[in-house]
Amino acid sequence: MLAITSILNPQSAARINGIIKSLEAEFGLDDVQATPDPHITYQLAGVRKLSSLKAVLQEVARTTAPFAAFTTGLGVFPGPNPVIYIPVLRSDGLNQLHRRILRTTAPLCLRTDKFSGPDCWLPHISLALHDTTPDLLGPVLQYLNQQTFNLKLSINNLAILRQEDEKFVPEKIFPFEGHKHEAAPTLFAASGAAAR
């Protein structure tokens with residue numbers, strides 16, 4: 001399975017990686033570091049042809065302008081290995097991008113995960129997963145509770161992440177280029193104003 005994501009801008013990524021490193025130092029949690037680039041996942045998908053996936057995502061990126069997204073608070077996906085994350089607030093821009101990705105990739109996908117659908121999708125940035133336990137959850141949340149998680153993110157790319165040994169690494173990153181194709185406003189003066 002490949003992950004279709006947006007990788008965070010360097011400043012936000014540095015902040016998230018700082019938190020992740022502190023969780024490793026304090027609690028030994030480091031499995032999330034298998035994906036060294038903090039990101040927002042739109043869809044997990046198995047595809048017929050990677051080249052076709054790249055082509056459709058390149059077109060989505062070419063016609064999408066960068067936009068801001070915001071985070072707040074902390075969240076937990078419960079289970080034997082709880083996932084601790086920062087929720088990304090759903091906005092019109094994020095929802096529209098997610099719908100475009102699902103629509104354009106649907107003909108290419110052999111399978112997808114059930115949490116990528118528009119009704120179930122919860123955009124987030126993972127801080128700890130796989131090596132957490134219910135017993136660690138309380139102390140980790142108490143530790144994280146000393147910080148705030150209100151970030152403004154610049155969503156400016158689509159990236160395909162693929163597994164390489166134990167890591168998930170970018171296969172291809174498509175910068176957003178929609179702002180380059182927007183028509184510049186025209187400046188004109190009325191003929192009478194120009195004569196004054």
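Reader: What makes Phe77 count as partly exposed?
Author: Its relative accessibility is 30%. Buried means under 20% relative accessible area and exposed over 50%, with partly exposed in between (1.4 Å probe, protein chains only), so Phe77 at 30% counts as partly exposed. This is a predicted model, where local features need pLDDT of at least 70 and side-chain atom pairs count only at pLDDT 80 or more, while totals for chains, interfaces and linings use all residues. Residues are numbered from 1 along each chain as its sequence is written, and side-chain values use heavy atoms, leaving out hydrogens and water.

Reader: How many aromatic pairs does a search of the whole structure find?
Author: The search finds three. One of them joins Phe27 and Tyr143, at 5.6 Å centre to centre and 75° between the planes.

Reader: Why is the pair of Phe27 and Tyr143 called edge-to-face?
Author: Ring centres of Phe, Tyr and Trp (its six-membered ring) must lie within 6.5 Å; planes under 30 degrees apart count as stacked, over 60 as edge-to-face and the rest as tilted. With 5.6 Å and 75°, Phe27 and Tyr143 therefore pair edge-to-face. Phe27 lies in helix α1 (residues 10-27) and Tyr143 in helix α4 (residues 134-144), so the pair ties together parts 116 residues apart in sequence. Helices (H or I, at least four residues) and strands (E, at least two) are DSSP runs, numbered from the N terminus.

Reader: And what makes Phe27 partly exposed?
Author: Phe27 has a relative accessibility of 23%, so it counts as partly exposed.

Reader: Is Tyr85 buried or exposed?
Author: Tyr85 has a relative accessible area of 7%, so it is buried.

Reader: How do you know that β4 and β5 pair?
Author: Two strands pair if DSSP finds at least two bridges between them. β4 and strand β5 (residues 83-87) have three bridges, in the antiparallel sense, so they pair. Phe77 has Val83 of β5 as its bridge partner.

Reader: Which strands form the open sheet, and in what order?
Author: The order is β4-β5-β7, with antiparallel pairing. β4 (75-77) and β7 (124-128) each have a single partner strand, so one side of each is left without a neighbour in the sheet.
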